[in-house]
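Me: I would like to learn how to read contacts between aromatic side chains in a model like this one. Could you take me through the general idea and then the case at hand?

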Amino acid sequence: MAARPPNFFNNSQSRPSLRPIHTSYVPSFLRKLLQPHVPNSTQLMGFLTLVISGGILLLLTGLSLTAIILGLIFSTPLIIISSPIWVPIGIALFVAVAGFLSVCGFGVSTWAAGSWVYRYFRRSRNMVDDDSHVKDYARKYGGYLHGKVKDTAPGA
C-alpha cells in the first residue's frame, strides 16, 4: 500500500510536527542568521516612524523644489526686464557690505595688536621690577648661597 499523508482528523495516527510554514522554506543557516535580529515592537515602531517621517520630508522637499523652479520660470521675465536696476543696486550693496566688513576686521585687528603691545610692555616692566628684586635678594642672601656652593664642591 502506498504511503498516505497523515490524516489530521483521525486521532489514532501520529500527528505531524507543528512547525510554522514560513520557516520550513528558509534554509537553516539563514534561520540562524536572522533569528537574533527579529525586531521587537519598539524597534518596529521606531522603524515605521522613520519611514513615515522620511517619506513626509521627501514629499516636502519635492514640493519645495517644484515651487522654486516654477517661481524661477514665472519670475525670469520680470528679472530680465528689471536687470538694469538690479545690477547697480547689487554692486552698490556688495561694495557697502565689503567696506563695512573690512572696517570691522581692521578694527578688531588693531585692537588685538594694541592689546598685545600693552601686555608686552607691561610684562617687560614687571620683569625689570622682578630683576631688581632678584638682585636685591641675591645681594642680601648671596653669601649664604656662595658658602653652600663651596661646601658642596670644595675642590671647585
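Reply: In this predicted model, Trp116, Tyr120 and Phe121 form one aromatic cluster, and the count of aromatic pairs comes to two.

Me: What describes a pair of aromatic rings?

Reply: In general, a pair is described by the distance of the ring centres together with the angle of the planes. Here, Trp116 and Tyr120 have their centres 5.3 Å apart and their planes at 15 degrees, and this pair is stacked, because planes under 30 degrees apart count as stacked.

Me: Where do Trp116 and Tyr120 lie in helix H4, and how many residues apart are they?

Reply: Helix H4 covers residues 83-152, and Trp116 and Tyr120 are four residues apart within that helix, so that about one helical turn separates them.

Me: Which geometry do the rings of Tyr120 and Phe121 have, stacked or edge-to-face?

Reply: The centres of the Tyr120 and Phe121 rings are 5.6 Å apart and their planes stand at 75 degrees, so this pair is edge-to-face.

Me: Are these side chains buried, exposed or partly exposed, and what are the values for Trp116, Tyr120 and Phe121?

Reply: Trp116 is partly exposed at 49% relative accessibility, Tyr120 is partly exposed with a relative accessible area of 40%, and Phe121 is likewise partly exposed, at 48%.

Me: Where does UniProt place the feature "transmembrane region"?

Reply: The unreviewed UniProt entry places this feature at residues 47-73 and 85-118. Over residues 85-118 the chain is 100% helix, with end C-alpha atoms 50 Å apart, while residues 47-73 are also 100% helix, with end C-alpha atoms 39 Å apart.

Conventions:
Residues numbered from 1 in each chain as written. Predicted model: local features only at pLDDT ≥ 70, side-chain atom pairs only at ≥ 80, totals over all residues. Heavy atoms only, no water. UniProt positions renumbered as here; feature names shortened; annotations may be inferred. Helix = DSSP H or I, 4+ residues; strand = E, 2+ residues; numbered from the N terminus. Phe/Tyr/Trp six-rings, centres within 6.5 Å; stacked < 30°, edge-to-face > 60°. Buried < 20%, exposed > 50% of the residue type's maximum accessible area, 1.4 Å probe, protein only.
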